[in-house]
Each structure stands twice: as C-alpha cells, then as structure tokens.
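Biologist: I would like to learn how to read salt bridges and strands in a model like this one. Could we take them one at a time?

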Amino acid sequence: MENTDILVSGAGIAGPALAYWLRRHGFNPVVVERAPGPRPGGQAVDLRGAGRTVIERMGLMERTRALCVEQKGIALVDRRGKHIARMPVELFEGEGIVSEIEILRGDLADLLHQATDGVEYLYDDTITALAEDADGVTVHFENAPARRFHLVVGADGLHSVVRRLAFGPEEDHYRPVGGYHCWFTVHDPALARDLDSWFLMYNAPGGLVAAARPGRLPGEVKASLGFRSEPLTLDRRDGAAQRRLLAERFAGAGWEVERLLAGMATAEDFAFDSYGQIHLDHYARGRVVLLGDAGYSPSPLTGLGTSLALVGGYLLAGELAAAAGDFAAAFARYEERMRPYVARAQELPPGGMNGYAPDTALMIRLRAASMRWMDRWPLRTIIAAQFAKAGDIALPDYPLPARA
C-alpha cells in the first residue's frame with residue numbers, strides 16, 4: 001500500500017490549512033510545530049479574495065465572521081492624535097487596507113486547528129535533518145524519534161527550517177524590503193476607547209511608524225512599531241535586545257508611542273522581524289515542497305500573506321490528489337498555478353517601504369494627502385488594482401471523496 005504520510009512543518013495558517021485539505025483528500029498529514037502548543041494572540045490578518053473563497057469551501061466562513069475584529073477603517077493621525085486622513089472599511093468594497101473580514105492571526109490559526117481534528121500534531125519539536133531516498137524521506141527531529149514520510153512540506157514561515165535544509169541558506173532566497181517591525185498586545189482600556197474602533201497609524205520623521213488597532217477582547221489593543229533600516233546585525237531570538245532597540249529608536253516620537261513602549265516592555269506576545277520576501281527558482285526539490293511564507297513570503301506590506309497561505313494549501317493538496325501518486329507532477333502543477341499569483345502578490349504597494357514609512361515631515365504630509373485622495377481618480381484605480389490581486393486566481397474544484 002502506498003505511503004500517504006505527509007509531514008507538514010509549521011502550525012500557523014498555511015500548515016493547518018494544508019493538513020485540512022490533505023485529510024479531506026485521503027492523505028495522512030502529520031504537523032510538527034516548534035511552539036509548545038497553538039500560538040494565541042497575534043495581529044489582525046486580512047481575509048480577502050481567493051483566501052476568502054478557500055475559507056468558504058472549508059465551511060468556516062460563519063465561524064470566521066463570528067471572530068472578526070470590528071473596525072471602522074484606517075486613519076492616519078498626527079502627534080496630537082488628530083485624524084488627518086481616513087480610509088473607511090467600506091471603501092474599495094470592503095477590500096481596502098482594512099478589509100471587511102479581519103481576524104486575529106491566533107483566532108484564525110485556532111479555527112483551522114479545530115478543523116483538523118484527528119490530525120496528529122507534534123508540538124515543542126522541530127526538524128533537524130532530512131534524508132531522502134527513492135521511497136520516501138527519513139525525518140530526524142529534535143525530540144521525537146526519526147520517522148519515515150512520503151513527502152515533506154515546509155510551511156514554517158519566513159525563516160523556514162525546511163527551506164534551509166532542502167534548499168540552502170536563507171540568505172540565498174531572502175530579499176529585504178528595507179525595514180523592521182514588531183507587534184504585541186497591550187491591555188489599556190483608555191487607549192482602546194480612544195481608538196473608537198479605528199486602526200490608527202502614526203508616522204514620525206526618520207521612517208518611524210506606530211500603530212494601534214482594536215483587539216477582540218474588552219480593553220485590548222493590538223500594537224505595532226516599525227522603522228526603515230538597512231539590514232541590522234541583530235539576533236532575532238534576543239527579545240530583550242530588540243525591545244531596547246525599539247525603545248531607543250522611538251524615544252520622544254510623539255502621539256501615544258510612550259504608552260505603546262510601556263506596554264511593549266511587559267507584553268507576553270512580543271514578536272520582532274524584518275520586512276522581507278522569499279524568492280525561489282522552484283517551490284519543490286525532490287520530495288520536499290514549500291508553502292506560504294516559507295516559499296514565497298510577500299512581506300506584510302502587501303497584506304496578502306494569508307491569502308497566499310490559504311490558496312497555496314488548497315492547491316497543493318488538490319494537485320497531490322489529482323496526480324494519483326505522481327508527486328513530481330503534482331508539485332509542478334502546484335507551482336504552475338501559484339507562481340503568477342505569487343508574482344502579483346509580491347508587488348509592493350505604491351511607494352513600497354518609502355510610502356509606508358516616509359522619512360521626512362514633508363513626505364509624511366504627502367502620504368496623508370495621498371490617502372485623502374484614494375477615493376478619487378487616478379489614485380482610486382491604482383489602489384484598487386493593488387487590493388484586487390488577492391482574487392486574481394481561478395481555483396479549481398477538486399473532487400473530494402465522501403466523508404467517512
């Protein structure tokens with residue numbers, strides 16, 4: 001009997017989404033995750049375009065909507081907190097910077113985890129070596145004993161272990177976009193009230209960006225800080241050094257930044273990373289294939305990472321089922337369908353990092369002016385094209401076996 005065991009590395013969004021579809025198609029997915037359990041919290045992610053279609057086909061849309069974060073839209077503020085430009089959520093038919101369906105990353109991950117009831121998860125572990133032969137892959141783990149799998153999927157994010165083991169060093173595939181960012185949760189009822197259900201963003205000279213948006217729980221604020229920078233020599237696992245760097249960079253920046261820095265100092269879910277993309281000549285090598293940020297991160301600036309993860313998982317599982325055992329053909333077809341979608345998703349919004357984190361007071365004023373004109377020609381056409389990319393792919397209807 002053919003081995004249908006497929007190891008999926010990563011239990012964020014892409015991994016469980018793939019595991020769901022693999023199981024529906026009759027495969028036996030196993031998910032390994034470095035964290036000790038499902039990761040709660042996280043920032044809000046956009047559910048738009050084809051990613052929304054995948055959630056609908058999973059039958060999870062009603063539950064997703066019940067978990068949505070209520071937001072009126074995005075507003076730029078000055079150092080006193082005055083709104084200087086707004087983009088309501090209704091603009092661009094609910095597919096703007098703040099989309100109609102926004103859900104906390106942890107809530108979406110938990111929803112997908114629940115949908116994979118019966119799938120084996122190996123938490124608090126990671127892959128240390130892959131040994132491929134003609135019949136499969138022997139996978140060595142940090143904690144669990146070695147096991148054999150038919151295929152291995154790297155869905156383990158921007159700094160993918162699977163990609164490093166199968167495709168080479170990260171620096172061969174990583175392209176910096178020009179900055180860094182962090183995100184964390186603050187419990188501040190007064191600030192939460194002041195947000196008035198708006199996602200507020202503040203720019204300060206020097207390429208600094210501070211943002212605060214509503215959480216789903218009372219008094220909860222989802223905060224982020226970002227800045228323009230050339231690549232830094234900084235240990236991405238050293239949270240204390242990262243917090244010190246941010247405190248120094250943002251000292252005296254204005255608006256509510258001091259409150260955000262105070263919350264950052266004690267936040268349990270603090271995370272820090274660079275803005276970057278992953279570019280590969282091919283998404284598969286032998287019996288190993290990459291999915292989501294591990295294979296084609298578009299960077300958070302695009303707002304399309306979740307759509308790529310959900311669509312990629314749907315297509316990869318569907319093509320493996322359609323190929324009837326010919327995994328090489330399935331991988332080739334998966335890449336053929338995904339690559340044009342990925343290429344468009346990786347196109348940065350107008351201005352790129354400069355538009356997101358303008359360096360001077362003049363450029364900050366110009367950014368606010370451009371947002372005020374986003375609902376008018378010609379900016380409306382340009383911006384609409386950026387958001388429309390999320391749906392710029394036709395999803396096949398893969399036949400599914402009847403549920404047991």
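Biologist: Is Asp-46 buried or exposed?

Modeller: Buried means under 20% relative accessible area, exposed over 50%, and partly exposed in between, with a 1.4 Å probe and protein chains only. Asp-46 is buried, since its relative accessible area is 12%, and Arg-48 is buried as well, at 3%. This is a predicted model, in which local features need pLDDT of at least 70 and side-chain atom pairs count only at pLDDT 80 or more, while totals for chains, interfaces and linings use all residues. Residues are numbered from 1 along each chain as its sequence is written, and side-chain values use heavy atoms, with hydrogens and water left out.

Biologist: Which residue forms a salt bridge with Asp-46?

Modeller: A salt bridge is a side-chain nitrogen of Lys or Arg within 4 Å of a carboxyl oxygen of Asp or Glu. The partner of Asp-46 is Arg-48, with the closest N and O atoms 3.2 Å apart, and the structure holds 20 salt bridges.

Biologist: Where do Glu-100 and Arg-65 lie?

Modeller: Helices (H or I, at least four residues) and strands (E, at least two) are DSSP runs, numbered from the N terminus. The side chains of Glu-100 and Arg-65 meet in a salt bridge, at 3.3 Å from N to O. Glu-100 lies in the loop between strand 5 (83-88) and strand 6 (102-104), whereas Arg-65 belongs to helix 3 (residues 61-66), so the pair ties together parts that are 35 residues apart in sequence. Glu-100 is partly exposed, with a relative accessible area of 40%, and Arg-65 is partly exposed at 41%.

Biologist: How many residues apart are Arg-339 and Glu-335?

Modeller: Both lie in helix 11 (residues 327-345), four residues apart, which is about one turn of the helix.

Biologist: What should I look for in strand 11?

Modeller: In a regular strand the side chains alternate between the two faces of the sheet. In strand 11 (residues 151-154) both faces are covered, with Leu-151 and Val-153 buried on one side and Val-152 and Gly-154 buried on the other.

Biologist: Which strands pair with strand 11?

Modeller: Two strands pair if DSSP finds at least two bridges between them. Strand 1 (residues 5-9) runs parallel to strand 11 and is joined to it by four bridges, with Leu-7 opposite Val-152. Strand 18 (residues 288-290) also pairs with strand 11 in the parallel sense, over three bridges, and there Val-289 is the bridge partner of Val-153.
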